[in-house]
Amino acid sequence: MSRPPLPPFTRETAAQKARMAEDAWNSRDPVRVAGAYTEDSRWRNRSEVFGGREAIVAFLTRKWEKELEYRLIKDLWAFDNNRIAVRFQYEWHDADGNWFRSYGNEQWEFDEHGLMRRREASINDIAISEKDRRFHWPAPGPRPADVPGLGQEPF
C-alpha cells in the first residue's frame, strides 16, 4: 500500500502531508487515521507508548470520547528526507463543558510507501473559557480553506 506524497519530502509535499494528517484527525474517525500508519507503527503520545494500528484505533477512540468537539490545526515546522516535524493546536471540551486548548509538537518518520512508522507527540493543555475559543468551523470535518493556519502568532 502506498500513501503519497512519498519521501524524500520537499517543502510542498511535507506541508501537504501535514494538511492530510490534519484533515484525517479532524474527521475523528480512528480507523481512517490509523490507515496512514504502518501496521507496526510506534507511538509516544504524552506519557503513553504503544504500537500497531489496533492500539492506535483504541487510543483515538478513547481520546475522542473524552475530547469533545475536537478541532485541530497542524502547521509544518521542519522536514528532511523521510521525517517531518509539525506544531499543532487543538480545542476541545470535556463532558462537564470545560474548554481546553492543547498545544504540541510532533515528530514523524515515514517508510518508503509514505506510511508513518513513528510518531512522537508532546502536548500541553491549557484551560480556556468558551469565549476564548479560536476554532469554530463545523465538526467533525476539515478546517475550511478560508481559516488560516497557526501563522506567526500561535499563542
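**Getting to know helix α3 and the chain around it**

Reader: Which exposed residues sit on the face of α3 turned away from its buried side?
Author: Helices here are DSSP runs of H or I with at least four residues, strands are E runs of at least two, and both are numbered from the N terminus. Exposed means over 50% relative accessible area, buried under 20%, and partly exposed in between (1.4 Å probe, protein chains only). With those cut-offs, the face of α3 turned away from its buried side carries the exposed residues E54, E65 and K66.

Reader: What sort of model is this, and how are residues numbered?
Author: It's a predicted model, where local features need pLDDT of at least 70 and side-chain atom pairs count only at pLDDT 80 or more, while totals for chains, interfaces and linings use all residues. Side-chain values use heavy atoms, with hydrogens and water left out, and residues are numbered along each chain as its sequence is written, from 1.

Reader: And which residues of α3 are buried?
Author: Seen down the helix axis, the buried residues of α3 fall within an arc of 120 degrees (the arc of directions from the axis to the C-beta atoms), so they line one face of the helix. Those buried residues are R53, I56, F59, L60, K63 and W64.

Reader: How far apart are the end C-alpha atoms of α3?
Author: Helix α3 covers residues 53-66, which makes 14 residues. The expected span is 1.5 Å times one less than the number of residues. That rule gives 20 Å for α3, and the model agrees, with its end C-alpha atoms apart by 20 Å.

Reader: Which residues have the most contacts inside the largest nonpolar core?
Author: A nonpolar core is a set of buried Ala, Val, Leu, Ile, Met, Phe, Trp, Tyr and Cys residues joined through side-chain atoms within 4.5 Å. In soluble globular proteins, nonpolar side chains tend to be buried together. The largest core here has 28 residues, and those with the most contacts inside it are W25, W43, L60 and W108.

Reader: What pattern do the helices and strands follow along the sequence?
Author: The protein chain has three helices and six strands. Read along the sequence, their pattern is α-α-β-β-α-β-β-β-β.

Reader: What is the radius of gyration of the protein chain?
Author: This radius is taken over C-alpha atoms, and the globule rule is 2.2 Å times the number of residues to the power 0.38. For 155 residues the rule gives 15 Å, and the chain is close to that, so it is as compact as a globular protein of that length. Its radius of gyration is 15 Å.

Reader: Which peptide bonds are cis?
Author: Most peptide bonds are trans. Another, with omega about 0 degrees, joins P4 and P5.

Reader: Where is E69, and what is its phi?
Author: Most residues other than glycine have a negative phi. E69, which is partly exposed with a relative accessible area of 35%, has a positive phi although it is a residue other than glycine. E69 is found in strand β3, and its phi is near 55 degrees.
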